[in-house]
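This report describes selected features of a predicted model.

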Amino acid sequence: MTDTNGIGGFDLNFISWLTSYCTNRTQRVRINNVLSHESAVTSGVPQGSPLAPYLFSLFVADLTTTNTKARLTKFADDTSLLITLQKMEDLKDLKNEISNVFNWADQNRMLINNEKCSVLYFKKPNAFRCLLPNSIMGIKACQNLKLLGITFNEQLCFKDHFNLILKCASQRLYYLRVLKNYYCKKELWNVFNTLIRSILEYAHPIFVNLPAKTCVKIELIQKRAHKIICGIANYKNCTDCVLIPLEERRKILAMRLFKKMNLCLNHPLSKLVHRRSERSTAFILPTINTNRYRNGFINSCTIVYNNTMID
């Protein structure tokens, strides 16, 4: 589509500027005050550019599914294909969707690295794993994978995820032991919040209601950090700092996000909750058959919010 205002509805000046930005670009690395030789950027946009994720999102905007049972979720350069397999014959639909992605990449002069792609079958515990193929179109099936910082497995159990982050957080406590000889308590707590608590609270809405054993293990990291910084493990008896259990913090952060979803109509998650009416402050709850479903972010926050409004 071409008109006097530009191409495809875009202003010609904008297109010229964008074309100039993406062509004849160079980049180099600076270490202290030493600069490397310039290297030509032959594809994409300069690394670290704020425009990069936006331009890539525009680039992959026309990548869609061909089957109504399939859905693509895209976050920058992480693309996931979700499809329901109710019977073995549905594997054909999965192969067609994967083939569709490969064809799109080929048409747009992109290469998909099979080694960085995985197939994960989400299944019930009593399902027969052996009935499903170990690879599809050269992409290997796995029992767990990491997506946007979260490790998933076949049963949607996050045991593997917490084993990894607890190991990482425990190793980072070593930084506190080393820095204790050089920094004050306030600075050490800044290190803890930045390097350790941040990974324990990553994606906190998903983990707003964790099993008691997992909560104890996570809380132990904070107690160990407190012992390193303040000399005692039980921070409830410490007058130098004000800490609350991480389980309580996750719930506070989850409710803060829930309220933000409701107050901002343009929030991307606002459609996940439904008011009873325009005059009512309460929200509709779906039929809940399992505790796992009840303990999910949306449902658990809805219950707390509705009870707060009643009280």
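Strand β12 covers residues 139-142 and runs parallel to β10, to which two bridges join it. Within β12, cysteine 142 is the bridge partner of leucine 120.

**The α4 and α5 helix pair**

Helix α4 spans residues 159-179 and helix α5 spans residues 185-200; they pack at an angle of about 170°, and their axes lie 9 Å apart. Because an angle over 145 degrees counts as roughly antiparallel, α4 is described as roughly antiparallel to α5. On the α4 side, the contact is made by Ile165, Leu166, Cys168, Ala169, Arg172, Leu173, Tyr175, Leu176 and Leu179. These residues meet Leu188, Val191, Phe192, Leu195, Ile196, Ile199 and Leu200 of α5. By class, the residues of this contact comprise 15 nonpolar, no polar and one charged.

**Cysteines**

How many disulfides does the model contain? The count is zero, with a disulfide taken as a pair of cysteine sulfur atoms within 2.5 Å. Cysteine 117 is in no disulfide, and the nearest cysteine sulfur, that of cysteine 142, is 11 Å away. Cysteine 168 is likewise in no disulfide; its nearest cysteine sulfur belongs to cysteine 215, at 19 Å.

| Residue | Relative accessible area | Class |
|---|---|---|
| Cysteine 117 | 25% | partly exposed |
| Cysteine 168 | 26% | partly exposed |
| Asparagine 306 | 10% | buried |

**Asparagine 306**

Where is asparagine 306 found? Asparagine 306 lies in helix α9, which comprises residues 297-310. Is asparagine 306 buried or exposed? Its relative accessible area is 10%, and buried means under 20%, so asparagine 306 counts as buried. Leaving aside residues up to four places away in sequence, asparagine 306 touches Ala282 and Phe283. Proline 211 is 95 residues from asparagine 306 along the chain, and the C-alpha atoms of the two are separated by 24 Å.

How values were computed: Residues are numbered from 1 along each chain as its sequence is written. This is a predicted model: local features need pLDDT of at least 70, side-chain atom pairs count only at pLDDT 80 or more; totals for chains, interfaces and linings use all residues. Side-chain values use heavy atoms; hydrogens and water are left out. Two strands pair if DSSP finds at least two bridges between them. Helices (H or I, at least four residues) and strands (E, at least two) are DSSP runs, numbered from the N terminus. Axes are lines fitted to C-alpha atoms, for helices over the stretch in contact, and angles run from 0 to 180 degrees between N-to-C directions. Angles under 35 degrees count as roughly parallel, over 145 as roughly antiparallel, 65 to 115 as roughly perpendicular and the rest as oblique. Contact means heavy atoms within 4.5 Å. Ala, Val, Leu, Ile, Met, Phe, Trp, Tyr, Cys and Pro count as nonpolar, Asp, Glu, Lys and Arg as charged, and the others, Gly among them, as polar. Buried means under 20% relative accessible area, exposed over 50%, partly exposed in between (1.4 Å probe, protein chains only).
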